[in-house]
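Dear colleague,

Please find below the structure that I am handing over to you. My notes on what was found in it come after the display.

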Amino acid sequence: MLDDFLIRAALGGIGVALLAGPLGCVVVWRRMAFFGSALAHSALLGVGLGAVLALPMTLTTLAVCLLFALLLAGFQEQRLLADDTVLGIIAHAALALGLIVVGFAETVRVDLVGYLFGDLLSVGRSDLVWIFVGGAAVLAALVRLWPSLLRLTLNEELARAEGVAVRPVRIMFMLLMAASVAIGMKIVGILLVVSLLVIPAAAARPFARTPEQMAGLAALVGALAVLLGLWGSVRFDTPSGPSIVVAASALFAAGMVWQGVRRA
Amino acid sequence: MSGTLVAAHGVTVRAGARTILREVDLEVRSGEIVALIGPNGAGKTTLLRVLLGIVRPAAGSVERSAGLTIGYVPQRLRLDPILPIDVRRLLRLAGRSRKIRLQTALREVGAEHLLDTSLHDLSGGEFQRVLLAYALIREPALLILDEPAQGIDLAGQIELYALIERIRNQRGCGVLLVSHDLHIVMAATDRVVCLNQHVCCSGRPETVSRTPEYVHLFGQRGADRLAVYHHEHDHRHDLGGRVVEPERAPPAPDA
């Protein structure tokens, strides 16, 4: 069954969606979408380094993402520049650096579009293992961190008073995001990975009463978007990554319209 | 000292070159309601943060009774509607508490009907009650409330202070609260501490309001307003705005 590239693509996509849903909710709550983008941009540097150093790209990507997460966390401690300014600097510096490094690696250049926009249809068995094992590990860590993240989102002052170790929790979550960006990159690509975090979570918000409902719904919306996108990709011969993002956006829009109609 | 829940000794806090608190002494004991009053920028919230252990003082020390549990309601907790959450979920977050305990805490603050309401749909007064319930679930020996009555109308404020008094009477916990609402605070508390970077004056409300430091800090008008406060109504509202039957209403705080 796994021989069929479509089945593998669907499984891989759904795996990433199940991870991105709950994680994306926290991203949306804590206004970290731009942070996710910056991480995704730095992933290209990981791809380039992997090619130049002849190391597995998933590993170099993960390493670079984690490194940039720590770098960004460090920058958050200073007060002279706003977070979005710092992110703007680092995201583009990372992207530029990544493009230069990729330029040194002749073999990658051909695949650049694949890495930027994802190539779900080329997902192999080893990718599936990476997605599901890595994804499960990240999700398990997220479950542990969940109550602290909720307290932090509700009110940082209250969280501190209740003994939540604010900084470690924040850094831990950034590292989880880095890991999931590295995992999701293969599916939707560097430039679109953030959309899989943000769009399903945003689509789930109007229909959720509790944080957990929103997380579950976001995972469902993401999985549905993957299936819809894949179907569209085959049916209309469109690139798979962008098709998934378009499908997710369509689901989000449908949800908004439904909300509007219900309220009217 | 027995009965002392938390005590600040000579606490000084600086932010850069600015001194926010200067050698502040403060003590809260079991079963007493202490009000911290003072003008904006007096360092009231900072002092609470020191007592909570969020801010470390540059000088001085904070002493807590062994195993002290503090229930805290921060100032102006603004809730971001991006986060979907109802009262039940919030209260569950307070601790691994059983359903009974959630309901007990909600009933204690008169908000049991709100269990399944979204936090975003609560009025200011209801929200404040729910936060109080959240703080109570941990069964605190000390309640620290930062401007609990902010954004609530006068009748609601009186109701809220009566509730705080009731909680103190039932649980015997200590209460430390910050407020701007001088007249109500003076009526509903055991001890008042006027803070303006240092402790200007402290003592029983009637005594404090006559001290020259107090009059200087709040002006004669502030001091006079205390005498003005006599709330007369032929009916009462609870925090949700519903009219409460007089015979079922809790006794008004002594003016």
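The notes below take chain B and then chain A. Please bear in mind that this is a predicted model.

Chain B contains eight helices and eleven strands. Of its 255 residues, 44% count as buried. Among the contacts in chain B between residues at least 6 apart in sequence, 70% join residues at least 24 apart.

Six strands of chain B make up an open sheet with mixed pairing, in the order 5-6-7-3-8-9. Strand 5 (70–73) and strand 9 (198–203) of chain B each have a single partner strand, so one side of each is left without a neighbour in the sheet. On average, neighbouring strands of this sheet are turned by 15° against each other, direction ignored. Within the sheet, strand 3 (residues 33–37) and strand 7 (residues 174–178) of chain B pair in the parallel sense over four bridges; B:Leu36 has B:Val178 in strand 7 as its bridge partner. Helix 1 (residues 44–52) of chain B lies across strands 3, 5, 6, 7 and 8 of that chain, and runs at about 150° to strand 6.

In chain A, helix 1 (residues 5–29) has 25 residues, which at 1.5 Å a residue should span 36 Å; its end C-alpha atoms are 35 Å apart, so the two values agree. This helix of chain A has a kink of about 35° at A:Gly21, shortly before the proline A:Pro22. Helix 1 of chain A is mostly covered, with 20 of its 25 residues buried. A:Arg31, which follows the helix, has a positive phi, near 55°.

With kind regards

How values were computed. Residues numbered from 1 in each chain as written. Chains lettered and ligands numbered in written order. Predicted model: local features only at pLDDT ≥ 70, side-chain atom pairs only at ≥ 80, totals over all residues. Helix = DSSP H or I, 4+ residues; strand = E, 2+ residues; numbered from the N terminus. Buried ≥ 20, exposed ≤ 12 C-beta atoms within 10 Å, placed from the backbone. Contact = placed C-beta atoms within 7 Å. Pairing = 2+ DSSP bridges. Axes fitted to C-alpha atoms, helices over the stretch in contact; angles between N-to-C directions. Expected span 1.5 Å × (residues − 1). Bend = angle between axes of the 7 residues up to and from the residue.
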